[in-house]
Amino acid sequence: MNQTTQAAPDWQQAAFRVLKAGGVRQIAYVPDAGHSHVIRSAIADPDIEDVVLTTEEEGVALVSGAWLGGQRAVLLMQSSGVGNCVNMFSLLRAADFPFFTLVTMRGEYAEFNPWQGPMGKATQAALELMGIHVLRASKPEEVEEIVSAGFDAAFEAGEKVAVLLGQELIGRKKWERK
């Protein structure tokens, strides 16, 4: 069997570097192509526990529990998953935990799936309504600095931070036509 392995885009590698350098010990996620490099890197790293979730709101509880246990954790999700988390974000406000999430956006640039549009348009507002500071990276050269700034705001200043990774970073998705 002859398989070619394509290197991950630089921006995905940069995101993982920030998490690794910052001492993240747990990465929670629902599988997503936009987070594929970070997920594969976490799985391969013996110092990081990768946790596959059945739904994104479990990740809010997981990263909160990690913090209580003395570890840094990050939640990876797609913008559609933010809607699943709104009620759980109350935990962050009530207990005043730091929180850091990387959110790949859908419903934006060249979206083909009409189901992704509504939550994609509401993601930032939903996060902000729940007291989460939102940063956005739309160009590959912005990702490392913005992820790093958000990470520091969460784990050094105790903030609740979401970094939205614009759909244009991942590229145009298309339905497979038969």
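A nonpolar core, as the term is used here, is a set of buried Ala, Val, Leu, Ile, Met, Phe, Trp, Tyr and Cys residues joined through side-chain atoms within 4.5 Å. Keep in mind that you're looking at a predicted model.

With that in hand, look for the largest nonpolar core, which has 27 residues. Inside this core, the residues with the most contacts are L19, I27, F100 and L102. The biggest giver is α7, with six residues.

Now zoom in on L19. If you skip its neighbours within four places in sequence, L19 touches V24, I27, V38, V74, F100, L102 and F151. There's also a second, separate core of 25 residues, and A28, V60, V63 and A162 are among its members.

Next up is the pair of helices α1 (residues 10–21) and α2 (residues 36–44). Their axes lie 8 Å apart, and the helices pack at an angle of about 45°. Because of that angle, α1 counts as oblique to α2. As for handedness, the crossing of α1 past α2 is right-handed.

So which residues in α1 and α2 meet? From α1 come Q12, Q13, A15, F16 and L19, while α2 brings S36, H37, V38, S41 and A42. Sorted by class, this contact has five nonpolar and five polar residues, with no charged ones. Notice L19 turning up again: it belongs to the α1 side of this meeting, and it's also one of the residues with the most contacts inside the largest core.

How values were computed: Residues numbered from 1 in each chain as written. Predicted model: local features only at pLDDT ≥ 70, side-chain atom pairs only at ≥ 80, totals over all residues. Heavy atoms only, no water. Axes fitted to C-alpha atoms, helices over the stretch in contact; angles between N-to-C directions. Helix = DSSP H or I, 4+ residues; strand = E, 2+ residues; numbered from the N terminus. Parallel < 35°, antiparallel > 145°, perpendicular 65-115°, else oblique. Left-handed = near helix turned anticlockwise from the far one by under 90°. Contact = heavy atoms within 4.5 Å. Nonpolar A, V, L, I, M, F, W, Y, C, P; charged D, E, K, R; others polar. Buried < 20%, exposed > 50% of the residue type's maximum accessible area, 1.4 Å probe, protein only.
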